[in-house]
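Student: I am new to this structure and would like to go through it step by step. Could we look at it together?

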Amino acid sequence: MSNAYSEAAARPPVKTRPVKTRPVKTRYDGVMLFLHWSVALLILVAFAIAQGRGLVPRGPERTVLMDVHRSLGVLVLALVALRMVWRAVSPPPPMPADTAPLLMLAAKAGHLALYALMIAVPLAGVTMTQAHGHPVTFFGLFTLPTLVGENHDFGDILEKLHELFGTAIIVLAGLHAVAALVHQYVLKDGTLSRMLPWGNR
């Protein structure tokens with residue numbers, strides 16, 4: 001019996017490998033940064049074209065301008081789809097732990113509304129154009145599949161929705177920007193830095 005105890009005591013302790021844990025992300029990765037700011041810029045340019053189209057006389061020039069507007073919308077739709085896929089593959093960093101539950105709920109609701117509008121605005125624009133009997137091309141490279149047949153009454157409804165959603169996305173994006181600034185400079189929780197390309201890493 002004593003020999004058994006002495007052999008057990010002489011055995012070296014079993015070494016256990018430390019469990020590797022992934023570091024908690026504190027900022028968005030490069031892909032998400034690119035998608036975020038690219039979509040934001042494209043939306044602003046598309047909105048500016050829509051608001052300034054009246055400055056261009058009716059004719060070939062305005063037609064080209066609106067073709068660019070629609071192409072930008074299609075590009076936004078494609079990038080938003082890619083952004084949603086990437087968000088599932090590479091989840092964003094969590095909000096600061098001390099964020100108030102109400103603020104967290106508002107942030108989630110705001111993001112959900114922005115995603116819905118980023119999809120609804122281009123779709124309404126494409127279907128509106130097709131309902132008025134015009135094809136939609138992507139920078140002249142190819143023509144999009146027809147989603148709706150020619151129906152001018154339906155097209156008028158879609159046009160109003162497109163304008164309404166377009167205004168809503170600009171307003172909501174503005175509120176989103178204000179909220180980010182409040183988080184950064186009033187609450188000082190570094191929320192804005194997580195999305196800036198030059199933010200602290």
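Student: Before that, where do the numbers come from, and how are residues numbered?

Tutor: This is a predicted model, in which local features need pLDDT of at least 70 and side-chain atom pairs count only at pLDDT 80 or more, while totals for chains, interfaces and linings use all residues. Residues are numbered from 1 along each chain as its sequence is written, and side-chain values use heavy atoms, with hydrogens and water left out.

Student: Thanks. How many helices and strands are there?

Tutor: The protein chain has 5 helices and 0 strands, and from the N terminus on its elements run α-α-α-α-α. Helices (H or I, at least four residues) and strands (E, at least two) are DSSP runs, numbered from the N terminus.

Student: And how much of the chain is buried?

Tutor: Buried residues make up 31% of the 201 residues. Buried means under 20% relative accessible area, exposed over 50%, and partly exposed in between, with a 1.4 Å probe and protein chains only.

Student: Now the packing. How is a pair of helices described?

Tutor: Two packed helices are described by the angle between their axes and the distance between the axes. Here the axes are lines fitted to C-alpha atoms, for helices over the stretch in contact, and angles run from 0 to 180 degrees between N-to-C directions.

Student: At what angle do helix 2 and helix 3 cross?

Tutor: Helix 2 (residues 30-52) and helix 3 (residues 60-89) cross at roughly 155 degrees, and their axes come within 9 Å. The two are therefore roughly antiparallel to each other; angles under 35 degrees count as roughly parallel, over 145 as roughly antiparallel, 65 to 115 as roughly perpendicular and the rest as oblique. Their crossing is left-handed, a term for the near helix being turned anticlockwise from the far one by less than a right angle, with clockwise giving right-handed. By class, this contact has 20 nonpolar, 3 polar and 2 charged residues. Ala, Val, Leu, Ile, Met, Phe, Trp, Tyr, Cys and Pro count as nonpolar, Asp, Glu, Lys and Arg as charged, and the others, Gly among them, as polar.

Student: What about helix 2 with helix 5: which residues meet there?

Tutor: H36, I43, L44 and F47 in helix 2 meet G166, I169, I170 and H176 in helix 5. Helix 5 (residues 152-185) packs on helix 2 at about 135 degrees, with the axes 11 Å apart, which makes helix 2 oblique to helix 5. This crossing is left-handed, and the contact has 5 nonpolar, 3 polar and no charged residues.

Student: How far apart are the axes of helix 3 and helix 4?

Tutor: The axes of helix 3 and helix 4 are 9 Å apart, at an angle of about 145 degrees. Among the residues in contact are V76, L77 and V80 of helix 3 and M118, I119 and P122 of helix 4.

Student: Changing topic, which residues sit at the centre of things in the largest nonpolar core, touching the most other members?

Tutor: Of its 16 residues, V39, I43, V76, V80, M118 and I169 touch the most other members. Helix 2, helix 3 and helix 4 each give two or more residues to this core, and helix 2 provides the largest share, 6 residues. A nonpolar core is a set of buried Ala, Val, Leu, Ile, Met, Phe, Trp, Tyr and Cys residues joined through side-chain atoms within 4.5 Å.

Student: Is M118 buried or exposed?

Tutor: M118 counts as buried, because its relative accessibility is 6%. M118 lies in helix 4 (residues 101-131), and its C-alpha atom is 7.1 Å from that of V80, 38 residues away along the chain. Beyond four places in sequence, M118 touches V39, I43, V76, L77, V80, R83 and I169.

Key
Contact = heavy atoms within 4.5 Å.
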